[in-house]
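Hi everyone, thanks for having me. Let's bring up the structure.

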Amino acid sequence: MYNVTQMSTPTVIFVGKDDTLASPSDVEKLKPLIKHLRYFEEISNWNHFDFVIGIDAEKLLYPKLIKMLEDTAVGV
């Protein structure tokens, strides 16, 4: 098991509200353990697989991820 309390990397978490593999209760237990949590978002009507094959990922997820990566890369 990985000790997430030791992570020093800024972390972003997206979760699907209908995810049965990473349940909302598991996610709520995980969030306070991540010291450098920079962003958290729960996406309604999404499950674990929507992050890979979701037909609306291009609209709901990818632009946010790209913006976060661009913002982080400034000054690198």
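Let's begin with Phe51: this residue is partly exposed, with a relative accessible area of 22%. Please keep in mind that we are looking at a predicted model.

So what is Phe51 paired with? Its partner is Trp46, and the two ring centres are 4.9 Å apart. The planes meet at 85°, and since anything over 60 degrees goes by that name, we call this pair edge-to-face. Now, is Trp46 buried or exposed? Trp46 is buried, at 2% relative accessibility.

Let's step back for a moment. Searching the whole structure turns up 2 aromatic pairs. In the other one, Phe14 and Tyr39 have ring centres 5.5 Å apart, and their planes are at 50°, so this pair is tilted. Where do these two residues lie? Phe14 is in strand 1, residues 11–16, while Tyr39 is in strand 2, residues 37–43. That means the pair ties together parts that are 25 residues apart in sequence. Phe14 counts as buried at 15% relative accessibility, whereas Tyr39 is partly exposed, with 31% relative accessible area.

Here is another ring to look at, this time with a charge. The charged end of Lys31 sits over the ring of Phe40, 3.9 Å from the ring centre.

Last stop: Ser25, which lies in helix 1, residues 24–30. Ser25 counts as partly exposed because its relative accessibility is 44%. If you look from Ser25 across to Lys59, 34 residues away along the chain, their C-alpha atoms are separated by 26 Å.

How values were computed:
Residues are numbered from 1 along each chain as its sequence is written. This is a predicted model: local features need pLDDT of at least 70, side-chain atom pairs count only at pLDDT 80 or more; totals for chains, interfaces and linings use all residues. Side-chain values use heavy atoms; hydrogens and water are left out. Rings of Phe, Tyr and Trp (its six-membered ring) pair if their centres lie within 6.5 Å; planes under 30 degrees apart count as stacked, over 60 as edge-to-face and the rest as tilted. Helices (H or I, at least four residues) and strands (E, at least two) are DSSP runs, numbered from the N terminus. Buried means under 20% relative accessible area, exposed over 50%, partly exposed in between (1.4 Å probe, protein chains only). A charge sits over a ring if NZ of Lys or CZ of Arg is within 6 Å of the ring centre and within 35 degrees of the ring normal.
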